[in-house]
Structures are given as C-alpha cells and as structure tokens.
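Subject: Structure handover

Hello,

Here is the structure I promised to pass on to you. Please open it alongside this email, so that you can follow along as you read.

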Amino acid sequence: MTETMHSEVAHRADERAPAPLLSVRDIRKTYGSYVGCTDVSFDLYPGEVMGIVGESGSGKSTLLNCLAGHLAPDRGEVLFDTRAEGPRDTVTMSEPERRMLSRTDWAFVHQNPRDGLRMGVSAGGNVGERLMAVGARNYGAIRESATDWLGRVEIADTRIDDRPSAFSGGMQQRLQIARNLVTGPRLVFMDEPTGGLDVSVQARLLDLMRGLVREMGLSAIIVTHDLAVVRLLAHRLMVMKSGHVVEAGLTDQVLDDPQHAYTQLLVSSVLQV
Ligand SMILES: Nc1ncnc2c1ncn2[C@@H]1O[C@H](COP(=O)(O)OP(=O)(O)OP(=O)(O)O)[C@@H](O)[C@H]1O
Ligand SMILES: [Mg+2]
C-alpha cells in the first residue's frame, strides 16, 4: 500500500525536488479508550490534493482536525512548510502561531456552512472579515475584494449585503469557500464539503472547487465518504478503517485496482449509496 505512495513521491522528487508542504508523522489521537486515529503518516506536496475516505467512525474527521490544529494529537508530528521559517511542527507551536496560520496559509471548509460562516454578518462582511483579520484596513479595497470573490464563487454582487441565512445551502457553501480563499491560503482542509447538498448542486460546487484548486495551485486535504468527489478532485487517496490507514496511493489506482479487502468493498457498487 504505502509503496505506491512512496514510489510516486520519489518519482516526483526526482523531477522537481520540491519540499513537502505538509509532512505528517505517526499521528495518533485517542478519546479515552477509543482510538480516533492512529499510525498515520504521509507527505503532501504543493499543488497536491489528498482525499481521505472511509466509513462513518473510521477516524477521518479526527485526523483532519489533528492536522488543522483543532485537536491535539496524543503523539506524532505535523510539519508544515511555513513561508517564514520553513518546516515547523504545528502540534508543538504556540496557540497564537497556529491561529495565525489558520488565518493566513490554512483554510478550513466545514461540512455545515454554519460552522464556517458568521450567520449574522452580510455575505460581503463574511469575506471582508478574513481580510481584516490579516490586517486589511482600506474599506474600498476590502469591498472590492469581497465583490470579486463573490463573483468567483458565482454569487451575484447584488447579494453582497444579504446575510448567509437568506442563501440556499449551495450558496452558503460557496460563500464559505470565498471566505476561506480570499486570503490566498496554501493548504485547504475540507470535511465533507459537499455533504448535505443536492446532487446537482454538488456537481456545480465540485466543478468550482476543482477550478479554484487548479487556478490557485492549492494543496488540499478532502475528507469525504463520496468516492465520486475524490475521483474528481484528489490526486492521491488514503482509505481509513477503524482509525487506521488501510490503503493509500494514486486515486485512480486505488479505485480501479483496490488491494485491501475493505477498499474492494468500498468501491463495490453494493456500498455506493
Ligand atoms: N469527541 C469524541 N469523544 C469520544 N469519541 C469520539 C469523539 N469524536 C470522535 N470519536 C470517536 O472516534 C472515532 C472516529 O470518529 P470520527 O468523527 O473521526 O469519524 P469519521 O470518519 O469522521 O466519521 P463520519 O464519516 O461519521 O464523520 C469514532 O469511533 C468516534 O466515535
Ligand atoms: Mg467526520
């Protein structure tokens, strides 16, 4: 399983010798006697999208939250290649440093837009607020950026002063994406970004996300139970079961020729609801 991943990484390293943007080493998180996730290690390179799939309770969100600094793992390292100082372990860095990263280089798209938006603030305010958090002060420039980003996520500029509560689920999710991407992050974490949306709305959102990820050269880690989502967005895939990564590799390889019995079950039509 990891051989595929390593040979792919080695191959890329030979070509361009890039440094990983994120190096995850031996992450473990338990809740009392329950294992949330354990023994997770991987590298993510600039511009790469990693999908994490697995059944409910397999540890996907636990892992993502450990990587994004929302949960403290019991052990392991999460080395992020910071602009200023190169690789830093985000597990042991100070809370203010982590908070600064989550405002600048990181973005987190929640499954439920209510968790990622301020529902009492206008659409433009939701986008502008992220800019102000990194020091933007010029009202005209902030509003111009907000308008530009609403356009990029296909929200009409006539809606800029509306609150997200007046938006459909798909619009709210697009607004959450605009709010997250306006500061030009390098790494985006997403937990079931298309969950809870109609199939037609999902397809449009996926198209939009794929375009933005490519255009901005973003790295992303996407948690989903929907194999169609990873097929479309993720270069590489990790399959989780009971807190462990049971298979990892290039998305097409894993889905077309699954090696682990659990992955075979997952891709078989029986489990694809
Ligand atoms: N706050 C918590 N306290 C105790 N156990 C937890 C907590 N959060 C998660 N767990 C347990 O950790 C395991 C992994 O949960 P997690 O939420 O990471 O799964 P998941 O793969 O994201 O599932 P889903 O697809 O349903 O979102 C499960 O057994 C879950 O019961
Ligand atoms: Mg989850």
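Below is a walk through what was found, one region at a time.

Before anything else, please keep in mind that this is a predicted model.

**The antiparallel sheet**

Two of the pairings are worth a look. S1 and S2 run antiparallel and are joined by 7 bridges, and within S2 you will find Leu 44 opposite Leu 22. These two strands, S1 and S2, form a hairpin with 2 residues between them. In that turn, Gly 32 has a positive phi of about 60 degrees. Further along the sheet, strand S4 (residues 75-82) pairs with S5 in the antiparallel sense over 4 bridges. There, Asp 81 has Pro 87 of S5 opposite it.

Is Ile 27 buried or exposed? Its relative accessibility is 0%, so Ile 27 counts as buried. Leaving aside neighbours within four places in sequence, the residues in contact with Ile 27 include Cys 37, Thr 38, Asp 39 and Val 40. Leu 63 and Cys 66 are also among its contacts, as are Pro 73, Arg 75, Gly 76, Glu 77 and Val 78. Take Leu 63 as an example: Ile 27 and Leu 63 are 36 residues apart in sequence, while their C-alpha atoms are 7.9 Å apart in space.

Next, please turn to strand S7 (residues 187-191), which is mostly covered, with 5 of its 5 residues buried. Leu 187, Phe 189 and Asp 191 point one way from the strand, whereas Val 188 and Met 190 point the other way.

S7 has parallel pairings to show you. S6 and S7 run parallel and are joined by 4 bridges; here Trp 106 has Leu 187 of S7 as its bridge partner. S7 also pairs in the parallel sense with strand S8 (residues 219-223), over 5 bridges. In this pairing, Val 188 stands opposite Ala 220 of S8.

Now for the helices. In H5, the buried residues are Ala 123, Gly 124, Asn 126, Val 127, Gly 128, Arg 130 and Leu 131. What covers them includes helix H3 (95-103), strand S6 (106-109), H6 and H7. Just after H5 comes Gly 135, with a positive phi of about 105 degrees.

How do H5 and H6 pack? Helix H5 (residues 123-133) and helix H6 (residues 139-152) have axes 9 Å apart, at an angle of about 120 degrees. The two helices are therefore oblique to each other, and H5 passes H6 in a right-handed crossing. From H5, the contact uses Ala 123, Gly 124, Val 127, Gly 128, Leu 131 and Met 132. These meet Ile 142, Ser 145, Ala 146, Trp 149 and Leu 150 in H6. Sorted by class, the residues of this contact are 8 nonpolar, 3 polar and no charged.

**Helices H7 and H8**

Another helix pair is formed by helix H7 (residues 169-181) and helix H8 (residues 199-216), whose axes come within 10 Å and cross at roughly 10 degrees. H7 and H8 are therefore roughly parallel to each other, and their crossing is right-handed. On the H7 side, the contact is made by Gly 170, Gln 173, Arg 174, Ile 177 and Leu 181. On the H8 side, the residues are Val 201, Arg 204, Leu 205, Leu 208, Met 209, Leu 212 and Met 216. By class, the contact of H7 with H8 has 8 nonpolar, 2 polar and 2 charged residues.

Enjoy exploring the structure!

Best wishes

How values were computed
Residues numbered from 1 in each chain as written. Chains lettered and ligands numbered in written order. Predicted model: local features only at pLDDT ≥ 70, side-chain atom pairs only at ≥ 80, totals over all residues. Heavy atoms only, no water. Axes fitted to C-alpha atoms, helices over the stretch in contact; angles between N-to-C directions. Parallel < 35°, antiparallel > 145°, perpendicular 65-115°, else oblique. Left-handed = near helix turned anticlockwise from the far one by under 90°. Contact = heavy atoms within 4.5 Å. Nonpolar A, V, L, I, M, F, W, Y, C, P; charged D, E, K, R; others polar. Pairing = 2+ DSSP bridges. Buried < 20%, exposed > 50% of the residue type's maximum accessible area, 1.4 Å probe, protein only.
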